[in-house]
Amino acid sequence: MVCPVCGETLDLEGYEAGDLLDCEAYGAVLRLLSDGTLEVVELPEEEKEPLWGLSAYGEGEEAVLVFSDGTLEEEVRVPKAALGDALRRLEEGVGEEPPKEAEDEPNLEPDYLTVHLESDQGVLALRRVVFPGAQDLLEFTLPSGSVYELPFRQVLALLRPILL
């Protein structure tokens, strides 16, 4: 079963109809219904502040991503269509190669999905870091070599309106 809010896979073993459960990845409170579906009881509080480390805006057919570590700002321009496609593929779990999975049991290492796209400065790598039971991260490796790691769902919420 998957969370109806964020799509994260949930383990419902031991839960019965009427039980409440938390989506740890997104923070939603869900109720298991008698037909086996999940009902959203409470959504997490919306972020009041902008996403720290990333701001973005649209300029024609390009999305302008501005990354900051508090002292340095780096701007990268990518085609909106390419960025939208890359984010969609990462959300669907389709990277350029199968997810990297650890060999240990239980899975103690995160899985990775990677997509590359061309920017105005070179190749921009987007890597979704998936660790069961935790919030997914989106790692941006800029053409300059800088790496920024941000919450995946918050990045989607920031970028979707720009990509429309």
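**Note on the predicted model**

1. Glu39 and Arg31 form a salt bridge, with their closest N and O atoms 3.0 Å apart. The term stands for a side-chain nitrogen of Lys or Arg within 4 Å of a carboxyl oxygen of Asp or Glu.

2. The model is predicted: local features need pLDDT of at least 70, side-chain atom pairs count only at pLDDT 80 or more, and totals for chains, interfaces and linings use all residues. Residues are numbered from 1 along each chain as its sequence is written, and side-chain values use heavy atoms, with hydrogens and water left out.

3. The chain has 2 helices and 10 strands, taken as DSSP runs numbered from the N terminus (helices H or I, at least four residues; strands E, at least two). Along the sequence their order is β-β-β-β-β-β-α-β-β-β-β-α. Of the 164 residues, 37% are buried. Of the contacts (heavy atoms within 4.5 Å) between residues at least 6 apart in sequence, 32% join residues at least 24 apart.

4. What is the count of salt bridges? It comes to 10. One of them joins the side chains of Arg88 and Glu92, at 3.0 Å from N to O. These two residues are 4 apart in helix α1 (residues 80-92), which means that about one helical turn separates them. Arg88 is partly exposed, with a relative accessible area of 38%.

5. Is Arg128 buried or exposed? Arg128 is buried, at 6% relative accessible area, and its salt-bridge partner Asp136 is also buried, at 4%. Their closest N and O atoms are 2.3 Å apart. Elsewhere, salt bridges with shared partners join Glu59, Glu62, Glu75 and Arg77 into one network.

6. Arg77 deserves a look of its own. This residue lies in strand β6 (residues 73-79) and counts as buried because its relative accessible area is 18%. Its side chain makes a polar contact with the side chain of Glu75, at 3.4 Å. A polar contact is a pair of N or O atoms within 3.5 Å; within protein, one must be able to donate a hydrogen and the other to accept it, and residues adjacent in sequence count only if both atoms are side-chain atoms. Setting aside neighbours within four places in sequence, Arg77 touches Tyr57, Glu59, Glu62, Ala63, Val64, Ser119 and Asp120.

7. Arg127 lies over the face of Tyr112, 4.9 Å from the ring centre. The charged end of Arg128 sits over Phe152, at 4.2 Å from the centre of that ring. Arg127 also has a polar contact, side chain to side chain, with Thr114 at 3.5 Å. Thr114 belongs to strand β7 (residues 111-119) and is buried, at 12% relative accessible area.

8. The largest nonpolar core holds 27 residues. Such a core is a set of buried Ala, Val, Leu, Ile, Met, Phe, Trp, Tyr and Cys residues joined through side-chain atoms within 4.5 Å. Leu65, Leu126 and Phe140 have the most contacts inside this core. Helix α2 (residues 152-163) contributes the most to the core, with 5 residues. A second, separate core has 10 residues, among them Leu10, Leu21, Ala28 and Leu32.

9. Which residues does Phe140 contact, leaving aside its neighbours within four places in sequence? They are Leu54, Leu65, Phe67, Leu124, Ala125, Leu126, Ser146, Val147, Tyr148, Leu150 and Val155. Ring pairs also link Phe140 with Phe67 and Tyr148 in a cluster. The count of aromatic pairs is 2, where rings of Phe, Tyr and Trp (its six-membered ring) pair if their centres lie within 6.5 Å; planes under 30 degrees apart count as stacked, over 60 as edge-to-face and the rest as tilted.

10. Leu163 is in helix α2 and counts as partly exposed, at 21% relative accessibility. Leu163 and Lys80 are 83 residues apart in sequence, yet their C-alpha atoms are 5.6 Å apart in space. Besides Lys80, the contacts of Leu163 beyond four places in sequence are Ala63, Leu83, Gly84 and Leu87.

Notes:
A charge sits over a ring if NZ of Lys or CZ of Arg is within 6 Å of the ring centre and within 35 degrees of the ring normal. Buried means under 20% relative accessible area, exposed over 50%, partly exposed in between (1.4 Å probe, protein chains only).
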